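Hi everyone, thanks for coming. I'd like to walk you through one structure today, beginning with a ligand site and then moving on to salt bridges.

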Amino acid sequence: MLKKVLIANRGEIAVRIVRACAEMGIRSVAIYTEPDRYGLHVKRADESYSLGDDPLAGYLDPARIVNLAVETGCDAVHPGYGFLSENANFARLCEQKGVAFIGPKSGVIHGMGDKTQARDSMRAAGIPITPGSEGNLDSLDEALELANEIGYPVMLKATSGGGGRGIRRCDTPQELKVQYPRVISEATKAFGSAEVFMEKCIVNPRHIEVQILADSQGNAIHLFERDCSIQRRNQKLIEIAPSPQLTPEQRQYIGDLAVRAAKAVGYENAGTVEFLLSGNEVHFMEMNTRVQVEHTITEAITGVDIVREQLRIASGLPLSYRQEDVQYRGYALQFRINAEDPKNDFLPSFGRITHYYAPGGPGVRVDTAIYTGYEIPPYYDSMCLKLVVWALTWDEVIARGKRALDDMRLHGIKTTANYYQQILDHADFRKGVFNTSFVPDHPELLNYSTKRHPSEIALALAATIAAHAGW
Ligand code: ADP
Ligand code: ADP
Ligand code: MG
């Protein structure tokens with residue numbers, strides 16, 4: 001078993017990994033940059049090291065992080081999600097320095113991080129992929145020609161993209177002409193690569209993804225699916241496990257498909273295979289070679305601790321489960337509570353948390369790195385808390401979600417919590433029928449009242465007075 005792990009991340013996922021390490025008797029090492037000095041991951045890890053004043057540079061410096069891991073006697077590095085988690089160079093550097101990278105081999109990260117290469121591997125393995133370009137597009141003319149062939153609407157996508165960025169739908173040749181240079185420039189800025197490719201736009205699909213686990217002995221299993229169709233601008237807001245809109249046959253088919261995909265590329269550790277579903281058609285979209293933000297809901301329905309399995313796999317141990325050992329029970333929802341103002345086009349709302357009260361009670365889990373008095377730095381993700389609820393039935397999990405959102409108090413910043421209440425009240429959502437257009441199709445859900453409960457106003461007032469008095 002690993003003895004000491006450096007966590008190359010921050011925020012809630014770093015805290016999540018610290019917790020798994022603590023339960024397994026593994027020492028944890030946190031890194032931080034100065035704006036994060038008061039971050040919870042710094043307080044909770046066994047050791048922590050500053051990587052300088054720049055908010056981001058330290059978290060994105062492979063050589064410095066690997067050297068620190070060696071100097072502090074770590075036998076592994078956990079990259080979390082975002083930052084260097086899908087950076088093949090970082091994984092390779094770890095391999096070279098004899099530090100286990102908690103994820104697949106660098107070659108697999110490289111192959112899957114490049115979406116056109118991933119499509120090639122899946123095509124070769126007989127996995128159905130979204131129709132589209134073979135490889136990257138070389139010119140606008142090629143894009144126009146291909147779009148004519150596969151038919152509009154089409155999607156232009158950044159080959160190295162992630163986090164929902166670098167994706168544009170084009171309904172006409174005119175739009176394609178406008179969007180082509182835009183996606184290239186966005187891809188260059190965000191991902192340092194100008195490569196783009198094209199897919200047929202699957203109209204009103206459901207986003208269904210499968211969690212997989214694979215060990216170094218060649219065993220691979222899936223932990224069922226998540227439905228991440230509730231999205232805004234291709235970014236997930238509420239995630240659901242299992243999907244309320246799959247038949248048992250579809251569930252089994254897509255789970256098997258994901259395991260086949262993982263085996264085809266020699267996958268190791270935890271990963272996610274993302275698909276788009278339209279009617280009974282399934283298309284491979286991409287593979288994320290890391291722990292995902294929404295791994296929590298899979299943990300809730302299966303009881304499998306995914307981060308623990310990641311640490312075991314990186315220690316060279318076999319999976320704790322065979323496929324037939326994994327069952328799921330009930331439903332789980334995850335709400336990404338973002339520091340954003342839904343009423344103002346989801347503009348980030350950073351600042352000091354003047355009061356935070358965590359929701360609790362049966363079937364509730366909160367993963368966060370915030371606390372009362374914490375100032376959310378403006379340099380990172382706007383997601384500040386993950387609220388996960390579990391219940392036996394679909395109706396019950398919705399009621400529990402509403403109750404838990406209502407329990408929570410988070411003052412000082414604007415968040416997406418009230419908006420989620422509106423989604424939970426919508427008849428289609430309650431019926432379990434929705435696709436990736438749900439959020440754009442229902443702008444009226446943004447018209448909720450922001451009138452606050454008198455006790456909240458009193459608390460906010462007290463916090464303001466306290467702040468002015470310098471308490
Ligand atoms: P998940 O796939 O786990 O649902 P997201 O797509 O929301 O997660 O991404 C999680 C975090 O990782 C976000 O902060 C996102 O901006 C970042 N991220 C994901 N992919 C990339 C990428 N290719 N390049 C840079 N950042 C990325
Ligand atoms: P990222 O790496 O940013 O997560 P994905 O390729 O996973 O990018 O796509 C993110 C989201 O964009 C999907 O969940 C889906 O809503 C939308 N999307 C991507 N490709 C298509 C497509 N070909 N047709 C329709 N929607 C798509
Ligand atoms: Mg994706």
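When I say polar contact, I mean a pair of N or O atoms within 3.5 Å; within protein, one must be able to donate a hydrogen and the other to accept it, and residues adjacent in sequence count only if both atoms are side-chain atoms. A quick word on what you're seeing: this is a predicted model, where local features need pLDDT of at least 70 and side-chain atom pairs count only at pLDDT 80 or more, while totals for chains, interfaces and linings use all residues. Residues are numbered from 1 along each chain as its sequence is written, chains are lettered from A and ligands numbered from 1 in the order in which they are written, and side-chain values use heavy atoms, with hydrogens and water left out.

So, ligand 2. An oxygen atom of this ligand sits 2.6 Å from a polar backbone atom of glycine 164. Another contact goes from a nitrogen atom of ligand 2 to a backbone N or O atom of isoleucine 202, at 2.9 Å. Then there is glutamine 231, with a polar side-chain atom 2.7 Å from an oxygen atom of the ligand.

How much of ligand 2's accessible area does the protein cover? On its own the ligand has 550 Å², and the protein covers 95% of that; these areas come from the Shrake-Rupley method with a 1.4 Å probe, and for residues only the protein chains shown count as cover.

Around ligand 2 there are 22 residues, and those that come nearest are Lys115, Gly164, His207, Gln231 and Glu286. Here, near means that one of a residue's heavy atoms lies within 4 Å. Strands S6 (154-158), S8 (196-200), S12 (269-278) and S13 (281-288) each give two or more residues to this shell. Helices (H or I, at least four residues) and strands (E, at least two) are DSSP runs, numbered from the N terminus. Domain 2 (131-200) and domain 3 (206-446) both contribute to the shell, so ligand 2 lies between them; the domain bounds come from an automatic or database domain assignment.

Let me stay with Glu286 for a moment. Glutamate 286 lies in strand S13 and is buried, at 13% relative accessible area. Buried means under 20%, exposed over 50%, and partly exposed in between (1.4 Å probe, protein chains only). The side chain of glutamate 286 also makes a polar contact of 3.4 Å with that of asparagine 288.

Now the salt bridges, defined as a side-chain nitrogen of Lys or Arg within 4 Å of a carboxyl oxygen of Asp or Glu. The count comes to 33. One of them joins arginine 119 and glutamate 199, at 3.5 Å from N to O. Arginine 119 is in helix H6 (residues 115-124) and glutamate 199 in strand S8, so this pair ties together parts 80 residues apart in sequence. Are these two partners buried or exposed? Arginine 119 is buried at 1%, and glutamate 199 is buried at 2%.

Next, arginine 365 and glutamate 299 form a salt bridge at 2.7 Å, N to O. Strand S19 (residues 364-368) holds arginine 365 and helix H10 (residues 295-302) holds glutamate 299, so parts 66 residues apart are tied together. Arginine 365 is partly exposed at 25%, whereas glutamate 299 is buried at 8%.

Finally, a network of salt bridges links Glu209, Arg226, Lys236, Glu239, Glu274, Glu294 and Arg336.
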